[in-house]
Amino acid sequence: MPGVPIRGLACGHCPNPNGRDGGRDIGRVQSWLRTRKSGARSWGNDLSAAGSTPKVDFVSSSSFPAVRKGGSVTDLRESNLSLVLQTLSTFGALSRAEIAEHCGLGVTALTSLVHELTARRLVVESSELVRPAIGRPTSLLEMDTSHWSVVGILCDREQISIATGGLDGVVVSITRYPVPAGSVLGFDSYRPFLVRAVADALMQSHGRGRTVAAVEVAVPGAVNRDSGEVVRSILNGWSRVALRGEIQHMFTALSQDPGCKPSRVVPVLVGVDRETNYSMLTQVYGGKRSLSGRNLAYLGGRNALSGGLYSRSAIEHGAAGLAGEFGHLVVDPEGSKCWCGRRGCVETRLGLAHLYSVCTGLPETDSFSRLGSAHQSMLNELLSGAKEQDQRYLLPLKEAGRWLGIAIDTIAAVVNPDEFVVDGYLACLQEYLEPGARVQLDALSALPSLSGLRIKFGSGDEDGSLRGAVLAARDALIRHPAAATRPKRLSGKIL
């Protein structure tokens, strides 16, 4: 644990030959390190990273912020670097004494860590000074948001959207790249469009003087976060796509292509996840810096229902990345068959395709085929009909509200969150869904799983998953600060 002295090592994890058993314990550590397998990853502390041939290195950012528990001295140091960054990200600009107090680190150890973080362009001296009643003014440290760029990518069947941001997690630009309808029959035909979009986004970042350090990719469907594989995306027509590896290969090719060579080549963190997990992350933060102690269940989606779980300080992914897939939780065993293969899923009662069909009379198979390209116009038609007090729209939405209450009750009984967020297109329909949901839940309010549950509707932001992907990429860089290295050089020139 950071701040807990390790016998034979100083607080900053540097050799302490003056310690009482220091030499003997350091020898044990060094002997243990020599026995580690050669394949163990270590970024090291060389910030210049000179090399003969430029090469992009990758780390899979498989989870959101948490201080890593490494076994080597390098791992322990990176954990402390990450702890300092998380403290600044949570509390904003702080003095060195305040950082040391929050992190439980000694002044000597903190000085070394701050020096390295400054060299990596992750931390900078604030222009603000604290003037105590006694003593000299004290400078503050804050996150350096001027150098590194983080990227969020959303892969839809007919559009690729890319958002860029900085270490503050704020999105500064969103660019959309159309994929011609009917031109894509699977990932192989989708790949060229993705390559061109990624290349353009890289060049835009470098044109603004920023270096891309982390990328998170959102996909509608089932995604294994740990392996980086899209298991299945019915809306995109993908199956078993090793998307993290694909993105990594794209960066490698772009860094070696003379016609599209970024001005700086650095290690890049790459992560892939379900788009609703990223949307949930925007609700988890919700303008708050601290994420500790949050237990949240999420139900939402732009065009089809999904969900997510956030427990204390991390997104819960489960064994294969599908934890929190509430859109396909069965609530009506005798109900209609869902496109996922089950019968009576939440999707069959609250899905956008279902709601549009019962309100307009269009066959549900036709409604489903329009989800990828026309979901926003479908939602607008539902809102327009309801606002005009058309009973063809109001009655089905009232019934859908009852099913929303049933879904919330079922999910709360299983996962017992203290917060429940309804988002996506359901949040846009809040005015028409909430009354029926409240009636259903008020009758059960004495149940332990519901008595203290806070339920809120999100903003229904169409770009919520993109903003969440940028936050996740920022978090990945905070968790792996050693990925922020100086650009590699070739023949004395920065590539």
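Strand E12 (residues 294-300) and strand E15 (residues 419-422) run parallel to each other and are joined by four bridges. Helices (H or I, at least four residues) and strands (E, at least two) are DSSP runs, numbered from the N terminus, and two strands pair if DSSP finds at least two bridges between them. Across this pairing, Ala 297 has Phe 420 of E15 as its bridge partner, and Leu 299 stands opposite Val 422 in E15.

This is a predicted model, in which local features need pLDDT of at least 70 and side-chain atom pairs count only at pLDDT 80 or more, while totals for chains, interfaces and linings use all residues. Residues are numbered from 1 along each chain as its sequence is written, and side-chain values use heavy atoms, with hydrogens and water left out.

E12 and E15 belong to an open sheet of five strands with mixed pairing, ordered E14-E13-E12-E15-E16. Its edges are strand E14 (314-315) and strand E16 (454-457), each of which pairs on one side only. On one side of E15 comes E16, which runs parallel to E15 and is joined to it by four bridges; here Val 421 has Lys 456 of E16 as its bridge partner. Both faces of E15 are covered: Glu 419 and Val 421 are buried on one side, and Phe 420 and Val 422 are buried on the other. Buried means under 20% relative accessible area, exposed over 50%, and partly exposed in between (1.4 Å probe, protein chains only).

In the other direction along the sheet, E12 and E13 are antiparallel and share seven bridges, with Tyr 310 in E13 as the bridge partner of Leu 296. Five of the seven residues of E13 are buried. E12 and E13 form a hairpin with five residues between the strands, and in this hairpin Gly 301 takes a positive phi near 150°. Asn 303 also sits in the loop between E12 and E13. Is Asn 303 buried or exposed? With a relative accessible area of 3%, Asn 303 is buried. Leaving out residues up to four places away in sequence, Asn 303 touches Leu 235, Leu 352, Leu 371, Gly 372, His 375 and Tyr 425; contact means heavy atoms within 4.5 Å. The sheet continues from E13 to E14 through an antiparallel pairing over two bridges, where Ala 314 in E14 is the bridge partner of Ser 311. E13 and E14 form a hairpin with one residue between them.

Helix H7 (residues 275-285) touches E12, strand E13 (306-312), E14, E15 and E16, and its direction makes about 130° with that of E12. Helix H12 (residues 391-415) lies across E12, E13, E15 and E16, at about 145° to E15. Axes are lines fitted to C-alpha atoms, for helices over the stretch in contact, and angles run from 0 to 180 degrees between N-to-C directions.

H7 also packs against H16, at an angle of about 75° and with the axes 7 Å apart. That makes H7 roughly perpendicular to H16; angles under 35 degrees count as roughly parallel, over 145 as roughly antiparallel, 65 to 115 as roughly perpendicular and the rest as oblique. The residues that meet include Tyr 278, Leu 281 and Tyr 285 in H7, and Arg 467, Leu 471 and Asp 475 in H16. Of the 16 residues of H16, 15 are buried. Helix H16 (residues 464-479) reaches 22 Å from its first C-alpha to its last, close to the 22 Å expected at 1.5 Å a residue; the expected span is 1.5 Å times one less than the number of residues.

Helix H9 (residues 352-360) and helix H11 (residues 371-387) pack at about 50°, with their axes 10 Å apart. H9 and H11 are therefore oblique to each other.
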